[in-house]
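Q: Please take a close look at how one part of this model packs. Then connect it to other details worth checking.

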Amino acid sequence: IALVSPENDLELSYARLCRESVALAGLLRRRIAVRRPRVVLLLPASPEFVVALFAVSASGGVAIPLDTYTKPEELRAILRFLEPALVITNASLHRKIKGDLGNAACCLLELHKTDLRADFSPDSPAVEPETAALADPGEDAVFILPSGTTGHPKAVRLSHRAIRRNIDMHLESLDLEGEIISLQVLPVNYSYGLNACLLSTLRLHGTSVLAPHVIEPKLVHTLAERYGANLLMGSSVIFQYLLDNGGGDFRSLRSLRYLTVGGDRCQPSVAKLIRRSLPWTRCYITYGLSEAGPRVSTLPPELFDPVT
């Protein structure tokens, strides 16, 4: 099993993930005439998102995952800036941008237990597909839009090589062993949630349990216990919230073996809280991702012994 979606009780094997991604890639090549098209993914962490991500890559496009909680007016500004050839979304999120797609076509994606439905907007006629060619490792694979502080949208360009190197070096740093079942609580529109968590889990042939975007401590406990999750990646803020509001009983998290804290600075108080609440885990701080790979350190032993 590659992906588990508790929200709609859906499990996706690696075989089906491959089939659906290849099938969608074929549809994309028939709908997009330009080479190396920019394709916006306005989807939550879901099986549809993963299928779309791999389909865009297989079709020769550049995937641009966006935060599904972005305000409509900001979304419109981002779409004008990016000028995508296609927006892949779902029916619910489509209502936020309907009529504001400019020249972009739209694909409403919905994955069911037996099939994948991809409904393209009427103004995206079929074209004669080009023969698929392997992407150059140095070509853009993903654009990541950081939150920023200036109010102007920016895009960080990640090549296929950079993503692969980030994933491999991240996994080497963590030294994960055995079957990995990761609880995905991070959003997938940032590098930490996408590369370090989701794609790293799939690189290990592990299982990613896709938690709803709204994180509730009780739900995290329930999902970790139900699926036996042994890997949890989050930010300092997420861990503080989960542990402060977890009721003090963390027996449902006994399956967790690895934690990584990244995305922002980990305050000593949060690290001590992790050590006190989850002493059986190995905890790491990830504090940078670049083309040269991630920078990962274990928590200082003088503060967190016996946590690694």
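A: The buried residues of α7 pack against β10 (181-184) and α8 (236-244). The model is predicted: local features need pLDDT of at least 70, side-chain atom pairs need 80 or more, and totals for chains, interfaces and linings use all residues. Numbering starts from 1 along each chain as its sequence is written, and side-chain values use heavy atoms, without hydrogens and water.

Helix α7 covers residues 217-227. Helices (H or I, at least four residues) and strands (E, at least two) are DSSP runs numbered from the N terminus. Which residues of α7 are buried (under 20% relative accessible area, with exposed over 50%, partly exposed in between, 1.4 Å probe, protein chains only)? They are Pro 217, Val 220, His 221, Leu 223 and Ala 224. After α7 comes Gly 228. Its phi is positive, near 65 degrees.

Next, a helix pair. α1 (14-31) meets α2 (residues 47-58). Their axes (lines fitted to C-alpha atoms over the stretch in contact, angles 0 to 180 degrees between N-to-C directions) come within 8 Å and cross at roughly 55 degrees. The crossing of α1 past α2 is right-handed, meaning the near helix is turned clockwise from the far one by less than a right angle.

From α1, the contact (heavy atoms within 4.5 Å) includes Leu 17, Leu 24 and Leu 28. Glu 20 and Arg 29 also take part from α1. From α2, Val 50, Phe 54 and Ala 58 are among the partners. The residues of this contact divide into eleven nonpolar, one polar and two charged.

Pro 37 lies in the loop between α1 and β3 (38-42). At 7% relative accessibility, Pro 37 is buried. Beyond residues up to four places away in sequence, Pro 37 touches Ile 32, Gly 60, Gly 61, Val 62 and Ala 85. Pro 37 and Ala 85 are 48 residues apart along the chain, yet their C-alpha atoms are separated by 5.8 Å.

Last, the cysteines. The whole structure holds zero disulfides (pairs of cysteine sulfur atoms within 2.5 Å). Cys 266 is buried, at 14% relative accessibility. Cys 197 is also buried, with a relative accessible area of 0%.

Key. Nonpolar A, V, L, I, M, F, W, Y, C, P; charged D, E, K, R; others polar.
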